[in-house]
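Here are some notes for a colleague who is opening this entry for the first time. Please read them with the sequence and the structure side by side.

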Amino acid sequence: MSSELFGTDGLRGQVNKSPMQPETVVRLGLAAGQYFRNGQRRHSVLIGKDTRLSGYIFESALTSGLCAAGMDVYLVGPMPTPAISFLTKNMRCDLGVVISASHNPFQDNGIKFFDKDGFKLSDATEAKISDLVLSGDTVWELPSPDRVGRASRIEDSPGRYVVSLKNCLPKDLTLEGMKVVLDCAHGAAYRVAPLVFRELGAKVVKIGAEPDGININQECGSLHPERVQEKVLETGADLGIALDGDGDRVILVDERGTIADGDQIMALCAKDFMERDELPGRKLVATVMSNMALQVFMEEKGGELIRTPVGDRHVAERMRKERTILGGEQSGHLIFMDYSTTGDGILAALQVLKIMRLKELPFSEIASVLTPFPQAQVSVPVRSKPPLESAPELQEQLRKAEESLHPKGRVLLRYSGTELKARVMVEGENPDRVRSLADDLAQTVGRCLG
């Protein structure tokens, strides 16, 4: 087992292999319960999950550990990750837990935590919980038999979340007359997402909303927006919305079938905020993966792009520090801090639809504010994750690639936070040159680290 349980977005791995094994997750429940229990009052934790078959395993294991540690457990079943963030705060719980591996295939699963305010846990807190789980010397401070926790199912949680999303739009604004194609990735949003758009008046063409436990993210959702593209063109929809397995990210498709990623969505929303003088400090927070074109766009508008490490948790932390309200990732994790403390794909789509309705413009027009620089990304399997500086051949090739692209291009090499892979990303003006450099670097990574 790894010396650390948590990656960039919680705990994740293949089911029934370390660390995603029932015995480890029971210990995780014990550790989280012990860490967050404070004094003699009753403590509560909310647990949600996506639609993976293995969700039953880890829901039971977590519940066992948390109840043994003296926490009352509220189970809400399949719900999007941002819904758990919202409900944790709304129901005044001490802790929220999501059982999901996000955009990964059904063979994987994961666990991530939210604090009482709906924010993901800090690195320091995760490290302390990890130490309790992994240490062979941990002494569990278990309560007396009359103080163990109870588990119960909460039936009205979808309604609470749907109402919160509808309240993010002006009271007099509806989506009447608009048609959207909605791909729920056979995931956690399959029930609530169609309700939100329908109750706001939109006609919804629903796909990817028939989960069977193993089809989550399978050739659908935000990783495969081509399904939405086809349906948008077939039905003449105004917008295509592709969510991922846990509903915290979104990729959009315009009425012509053109895909817009998180950078383009952030650009059009930032522009709208700045036009209304509602973007504090004219600051937008994104990660190191966001396209250079977004940085240029913000500078041209008199704003600033602030970059963070990969992960919407890092984006949220920096947004709080900068006291700004908009941030996200190219992958489609978008945070609107006035309404949510974490990425929310449904919320992001609603904000775009609001702009379309208020400006009376098609999505293709409002999304045209940003034309991304050519970019190539390659994932390379690695044996382990030694410091990248420890591979001289790789460092020399990186240096040469960066020199050849300067000043209108860049190279980024990093390890995945959730998989045993290295990520190569190259940007520049010439798409053929960008792809060639990315492929060459990927080969070198494979030779040095694979």
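Predicted model: local features only at pLDDT ≥ 70, side-chain atom pairs only at ≥ 80, totals over all residues.

1. Asp123 forms a salt bridge with Arg313, and the closest N and O atoms of the two are 2.5 Å apart. Because Asp123 belongs to helix α4 (residues 123-134) and Arg313 to helix α10 (residues 312-322), this pair ties together parts that are 190 residues apart in sequence. Arg313, for its part, is buried, with a relative accessible area of 5%.

2. As background to this pair and to those that follow, side chains of opposite charge can pair when their charged atoms come close. A search of the whole structure finds 30 salt bridges, and a few of them are taken up here.

3. Helix α10 also holds Arg318 and Glu322, which are four residues apart and therefore separated by about one helical turn. These two form a salt bridge in which the closest N and O atoms are 3.0 Å apart. Arg318 is partly exposed, with a relative accessible area of 28%, whereas Glu322 is buried at 18%. Elsewhere, salt bridges that share partners join Glu396, Arg399, Lys400 and Glu403 into one network.

4. Is Asp246 buried or exposed? Although Asp246 lies in a loop, the one between β9 (239-243) and β10 (250-253), this residue is buried, with a relative accessible area of 1%. The side chain of Asp246 makes a polar contact with the side chain of Thr81 at 2.6 Å, and another with the side chain of Lys112 at 2.8 Å. When residues up to four places away in sequence are not counted, Asp246 touches Pro80, Thr81, Pro82, Ser100, Ser102, Lys112 and Ala188.

5. Leu413, in strand β17 (residues 410-415), is likewise worth a look, and is buried with a relative accessible area of 14%. Leaving aside neighbours within four places in sequence, Leu413 is in contact with Leu388, Leu394, Leu398, Ala422, Arg423, Val424 and Val445. For orientation across the model, Leu413 and Ala124 are 289 residues apart in sequence and 25 Å apart in space, taken from C-alpha to C-alpha.

6. Turning to the chain as a whole, its secondary structure comes to 14 helices and 18 strands. The C-alpha trace spans about 65 × 60 × 40 Å along its principal axes. The radius of gyration of the chain is 22 Å, which agrees with the value near 22 Å that a compact globule of 450 residues would have.

7. Finally, of the 450 residues of the chain, 58% count as buried. Among contacts in the chain with a separation of 6 or more, 71% are accounted for by residues 24 or more positions apart. The accessible surface of the chain comes to about 18,600 Å², and 48% of this belongs to carbon and sulfur atoms.

Technical notes:
Residues numbered from 1 in each chain as written. Heavy atoms only, no water. Helix = DSSP H or I, 4+ residues; strand = E, 2+ residues; numbered from the N terminus. Buried < 20%, exposed > 50% of the residue type's maximum accessible area, 1.4 Å probe, protein only. Polar contact = N/O pair within 3.5 Å; in protein donor to acceptor, adjacent residues only side chain to side chain. Contact = heavy atoms within 4.5 Å. Salt bridge = Lys/Arg side-chain N within 4 Å of Asp/Glu carboxyl O. Rg over C-alpha atoms; globule rule 2.2 N^0.38 Å. Areas by Shrake-Rupley, 256 points an atom, 1.4 Å probe, with all protein chains shown as cover.
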